[in-house]
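Subject: Handover of a structure

Dear colleague,

Please find the structure below, together with its sequence. I would ask you to look through it before reading the notes that follow.

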Amino acid sequence: MAVIRRERTDSLRHIKSVTSQELNCTFLCELCDRFFDCERPEREQIYSRRRMQQAQQALQGIKHKILVAGGKGGVGKSTCTANLAVGLALRGKRVTIIDQDLDGSSIPKLIGVMDKRMQIGENGLIPVEGPLGIHVVAVANLKDIGEPVVWFQDMRRNASEEFISHTEYGERDFLLVDLPPGTGSDSINIMQLIPDADGYVVVTAPSQVSQATARKAILLIKKAKKRILGVIENMSGFACGHCGYVDRLMPVGGGYALAKEQDVPFLGRIPIDPSLARACDEGVPFLHAFQGGGTARAIELILDKILTQVGDGQQRTHAESDRLQ
Ligand code: ADP
């Protein structure tokens with residue numbers, strides 16, 4: 001009896017191996033219609049490796065990749081991303097922004113390309129082009145303005161991956177990725193797809209509530225063993241529209257304190273500036289229109305620090321970055 005049972009098991013094992021050979025597996029798991037039936041233990045590994053390979057292939061023509069995280073929504077993450085992009089473009093760099101904030105896609109508005117639509121090329125999406133040759137990849141450039149987008153979990157993941165892996169980026173100097181708020185699976189998915197990022201910029205407002213969420217973002221980035229280029233304290237004081245004097249309306253220093261506490265570089269403060277808010281609403285790239293003003297200078301100094309770090313590839317401590325001030 002035992003002999004018969006062993007023979008049956010052996011023959012079943014034989015059938016299984018014949019079947020997988022007959023199926024003629026190409027190991028292209030991401031394209032396979034038998035993906036969910038497949039019992040190969042390597043399936044998940046192959047699948048995720050392939051996703052990473054696709055992303056790396058798509059991004060191979062880009063020299064530097066910087067991800068901008070903010071923890072909390074509304075702290076000015078997109079405003080900082082857009083202005084850093086404009087600053088880089090003003091210095092002659094070829095810049096692409098991916099807006100991964102799928103629910104609050106505001107980069108197209110800030111860059112002034114709301115009315116443009118991405119086309120599909122031979123190798124994927126073609127970014128829209130804005131002022132100073134800045135390229136933008138955003139959900140707002142896919143759909144009609146104002147149409148609510150209802151995302152299901154898989155669709156969100158597909159959309160983020162689609163933007164990264166199936167876009168014709170071409171040769172670029174910088175990619176800036178405006179990450180979604182929070183430290184959820186959306187952000188983690190993107191972090192996985194860009195393992196060779198030069199580093200992360202974390203934007204916070206001075207308030208303790210914003211600091212707490214920015215701290216979570218820093219801890220996540222540290223856990224992933226990625227480089228933190230530094231913290232920007234946005235909405236830090238109020239810049240008078242007439243004389244430029246920065247008044248401390250609310251407590252300031254929260255971003256600096258957070259950078260010190262976490263021993264990461266502090267990049268600088270950007271005040272609340274009515275002309276910046278107006279430029280954002282009107283879709284005018286602020287740094288371009290207000291070059292030389294106090295707020296623009298603050299952004300330029302932040303950019304200098306980021307470029308120094310990207311250039312030498314070093315993770316700086318807080319004290320080292322303080323000496324760069
Ligand atoms: P987030 O991307 O973090 O959700 P946004 O960049 O969209 O935040 O900024 C939210 C709003 O705050 C925008 O309308 C923008 O115009 C405004 N804003 C951001 N930073 C400043 C600033 N330093 N001065 C004035 N307005 C600002």
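At what angle do helix 7 and helix 8 pack, and how far apart are their axes? Please bear in mind that the model is predicted. Helix 7 (residues 208–223) packs against helix 8 (residues 254–262) at an angle of about 35°, and their axes are 10 Å apart. The crossing of these helices is right-handed. Helix 7 contributes Q208, S210, Q211, A214, R215 and I218 to the contact, while G254, L258 and Q262 belong to helix 8. By class, the residues of this contact comprise 3 nonpolar, 5 polar and 1 charged.

I next turn to strand 6 (residues 135–138). With strand 2 (residues 95–99), strand 6 pairs in the parallel sense over 4 bridges, and I97 stands opposite V136. With strand 5 (residues 128–129), the pairing is antiparallel, over 2 bridges; here E129 is opposite H135. Strands 5 and 6 form a hairpin with 5 residues between them, and L132 in the turn has a positive phi of about 60°.

In a regular strand, side chains alternate between the two faces of the sheet.

Finally, the ligand has 18 residues around it, of which G76, K77, S78, T79 and C280 come nearest. Helix 3 (77–90), strand 9 (228–239), strand 11 (266–272) and helix 9 (274–282) each supply at least two residues of this shell. The shell consists of 7 nonpolar, 9 polar and 2 charged residues.

Yours sincerely

Technical notes:
Residues numbered from 1 in each chain as written. Predicted model: local features only at pLDDT ≥ 70, side-chain atom pairs only at ≥ 80, totals over all residues. Near = placed C-beta within 6 Å. Nonpolar A, V, L, I, M, F, W, Y, C, P; charged D, E, K, R; others polar. Pairing = 2+ DSSP bridges. Axes fitted to C-alpha atoms, helices over the stretch in contact; angles between N-to-C directions. Left-handed = near helix turned anticlockwise from the far one by under 90°. Contact = placed C-beta atoms within 7 Å.
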